[in-house]
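Look at the model below with charged side chains in mind.

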Amino acid sequence: MLSNDQNKQPDFMIEKIKERPVNKKKLLRRTVITASMAVIFGLIACFTFSVLEPVISNWLYPEEKPNYVEFPEEEDEMLPEDMIAESTEADIQQEIQEGIQQELENVLEQGGQIQEVLDKWKLDADNYSQLYTAMYTYKTEISKSIVTITGVTSDTDWFNNIYESTGQVSGVILADNGKELLILGDSAPLKNVDSITVTFFDNVQVPAVIKEEDSGTQLAIYAVDLADIPERTQERILIAGLGSSRSGAVVGTPVVAVGSPMGVTGSVGYGMVTATKPGWSVPDANYTLVLTDIYGSQNGNGIIFNMRYQVLGIITTGKNEDGMNNLVTGLGISELRRVITRMSNGSPETYLGIKGTDVTQKINKETQVPIGAYVTDVDMDSPAMLAGIQPGDVIIQLEDGAVRDFEDYTKELMEYAPGDTVEVTAMRRVQEGYKEVVFKVTLAEGK
């Protein structure tokens, strides 16, 4: 038998586990450290991603760079096809004159009257109909190079109602750089807009941006991504060429004004160039005005074309003299070529800040003023004024480039970029005549 001690069950040790008290300060410190490390890690990750992402993207998907756009300079020599055309036109006119003369002699020999000959060579309604039909056909074709540029601005009124205001200008397609379609147009009516849309001749609408502006002429190059333009529209659009607005080549030639010359989108005007007017001056450049006999709107805009699908001028307003306010006038394309080339390649405007004119051989002989670019005015606080250039100075050299007139000055200036420091050599009037002065000028970006 078991004893009572043996029958007794063994006692077990019973322990009560108490939870360790929370150290709130330590927990808070660890939480702050963990959160701080997370923020630092996130910042480092964001910075690394922002730095490396463009590199990796360009490596995996290299972005296609636009081609450099360059418009050919005008040629002084007459092209062979122009010589043929001129010769043919002269031959035709001579044949007509000889035909009229022969007809006149025959009628007079037979006792007839001169009026009979004149009646025979008069244009009738059918001739005029054929003429305007041909002009309309030409207008329809060049309209494929014309677009409507619309800017939209959103705002709220006093009652917090959202409304939109729009501005429109006509533009002309001038180039395709392989990535974008480049369009020249007025920029003044589309300042500070929220979005820009281009409408092509077939009513296709695509977004656009301003690639570059020119403060002096208030013109801009608008860029449209080729990927946004439907293939059918790309196949049918027309890229316009650049003609010559030099007075010897343009006065008396027939022209067509398209875009909005009458103040209405899609309007057109036919006429001829009556004159060119040099000397419209803006800082660092002078432009020729192309005057026509086309009656238009003072609020009109658009393009003046010759009959060879070439741009002669960009319609401008407010430049005509009194009594000629409603005649369509444009900025001559010859002086605009370099500006258009600069804007088409996205290069900023270089600003020195002077206005001036030419010193011709005749003026040089009569007044002894040196030949060069005569400074008539200097912009306030411009690089030119800060360097010490004054009205009356005659600029004869920019760095190593000779300056014989104001066009030379503009051409040489465009060879430099904002921020460049250039040496400007000028002749300044002193008591005994003129002396050479040299200025160091740091160029600025156009306003």
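The structure holds 10 salt bridges. The model is a predicted one. Side chains of opposite charge can pair when their charged atoms come close.

| Arg 342 | Asp 214 | 3.0 Å |

Start with the salt bridge between Arg 342 and Asp 214. Arg 342 lies in helix H8, and Asp 214 lies in strand E5 (residues 205-214), so the pair ties together parts that are 128 residues apart in sequence. Arg 342 counts as buried because its relative accessibility is 11%. Asp 214 has a relative accessible area of 6%, so Asp 214 is buried.

Lys 440 lies in strand E20 (residues 433-442) and Glu 423 in strand E19, so parts that are 17 residues apart in sequence are tied together. Lys 440 is exposed, because its relative accessible area is 58%. Glu 423 has 28% relative accessibility, so Glu 423 counts as partly exposed.

Salt bridges can also share partners. In this way Arg 246, Glu 335, Arg 338 and Glu 407 are joined into one network.

## A buried charge without a salt bridge

Which side chain of opposite charge is nearest to Glu 349? The nearest is Arg 342, 4.5 Å away. A salt bridge needs the atoms within 4 Å. Glu 349 is buried yet has no salt bridge.

Glu 349 is placed in the loop between helix H8 (333-344) and strand E14 (350-351). The side chains of Glu 349 and Ser 215 are joined by a polar contact of 3.0 Å. Residues that Glu 349 touches include Asp 214, Arg 342, Pro 418 and Glu 445.

## A nonpolar patch

What forms a nonpolar patch on the surface? Ile 33, Met 37, Ile 40 and Ile 44 do, with about 400 Å² of accessible area together. Met 37 lies in helix H2 (residues 24-60). Met 37 counts as exposed because its relative accessibility is 54%.

Technical notes
Residues numbered from 1 in each chain as written. Predicted model: local features only at pLDDT ≥ 70, side-chain atom pairs only at ≥ 80, totals over all residues. Heavy atoms only, no water. Patch = residues over 30% accessible without salt bridge, like charges linked within 9 Å, V, L, I, M, F, W, Y side chains within 5 Å. Areas by Shrake-Rupley, 256 points an atom, 1.4 Å probe, with all protein chains shown as cover. Helix = DSSP H or I, 4+ residues; strand = E, 2+ residues; numbered from the N terminus. Buried < 20%, exposed > 50% of the residue type's maximum accessible area, 1.4 Å probe, protein only. Lys, Arg positive; Asp, Glu negative; His and termini not counted. Polar contact = N/O pair within 3.5 Å; in protein donor to acceptor, adjacent residues only side chain to side chain. Contact = heavy atoms within 4.5 Å. Lists of a residue's contacts leave out its neighbours within four places in sequence.
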